[in-house]
Amino acid sequence: MPNAQCPINNYQLLIFMTWGKLLQPDLVLGDSIVNLTADILEKYQIKGLVLDVDETLVPITAMNASPELSLWVAEIKPLVSLWLASNNLSENRIGRIAESLNLPYITGAAKPSRRKLRKAVTAMNLPVEQVAMVGDRLFTDVLAGNRLGMFTILVEPMINAGDAVRKFPVRSFEVWVSQALGATLKAKD
Ligand SMILES: [Mg+2]
């Protein structure tokens with residue numbers, strides 16, 4: 001006899017669990033991208049990185065890559081294949097940042113859609129599980145990467161010092177929903 005007390009049935013539970021898995025990053029960095037080190041990449045056998053741009057590499061208002069980011073790219077580039085994949089449509093701004101880092105890029109990536117992301121992974125010619133999707137958002141970056149079978153890394157959003165007091169209502173909502181669906185978002189030591 002069905003339990004009248006239970007608010008969801010088994011089918012609904014399965015759907016929740018599936019979504020929880022799709023929103024689960026393989027690694028929560030709990031820090032900015034520049035702390036993604038060669039040691040971490042080696043530990044997880046990652047040979048390629050598809051990098052989100054806004055608030056993963058640069059604050060959303062930035063027109064240029066910071067010297068710190070350029071240095072990180074220079075250090076990591078000999079070790080892994082790199083692509084940028086932004087949902088931002090601004091060819092001008094994203095293109096300029098990508099070109100200053102000398103990296104291939106995709107604008108209007110439409111994450112969590114897999115279509116354009118697949119282009120970057122295919123270009124790397126690597127097994128998909130050895131390519132990490134790195135981003136600050138669960139419902140776009142992590143969801144897209146998991147849907148494609150990539151390794152997924154969640155980073156803390158990069159913001160301007162002046163915007164430090166700004167809240168992230170969308171990101172906070174995504175974190176809340178993901179955790180409610182069973183995703184664990186505690187940074188690993
Ligand atoms: Mg972002």
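Where is the place of P112? I looked this up first in the predicted model. I found P112 in the loop between strand 4 and helix 5. I then checked the backbone there and noted that the peptide bond from K111 to P112 is cis, with omega near 20°.

I recorded an open sheet of 6 strands with parallel pairing and the order 1-6-5-2-3-4. Strand 1 (27-28) and strand 4 (105-106) are at the edges with a single partner strand each, so one side of each has no neighbour in the sheet. For strand 5 (residues 131-135) and strand 6 (residues 151-154), which run parallel, I noted 4 bridges. M133 has T152 of strand 6 as its bridge partner.

I turned to the helices. Helix 5 (residues 115-124) lies across strand 2 (48-51), strand 3 (81-85), strand 4 and strand 5, and runs at about 165° to strand 3. In helix 3 (residues 67-76), I listed L69, W72 and V73 as the buried residues. Viewed down the helix 3 axis, they fall within an arc of 100° and therefore line one face of the helix. These buried residues pack against helix 4 (91-101). The face turned away from the buried side carries exposed residues, including E68, L71 and E75.

Finally, I looked up positive phi values. Most residues other than glycine have a negative phi. N102, in the loop between helix 4 and strand 4, has a positive phi of about 60°. N102 is exposed, with 11 other C-beta atoms within 10 Å. N125, in the loop between helix 5 and strand 5, has a positive phi near 55°. N125 counts as exposed, with 9 C-beta neighbours inside 10 Å.

How values were computed:
Residues numbered from 1 in each chain as written. Predicted model: local features only at pLDDT ≥ 70, side-chain atom pairs only at ≥ 80, totals over all residues. Pairing = 2+ DSSP bridges. Helix = DSSP H or I, 4+ residues; strand = E, 2+ residues; numbered from the N terminus. Contact = placed C-beta atoms within 7 Å. Axes fitted to C-alpha atoms, helices over the stretch in contact; angles between N-to-C directions. Buried ≥ 20, exposed ≤ 12 C-beta atoms within 10 Å, placed from the backbone. Arc of directions from axis to C-beta.
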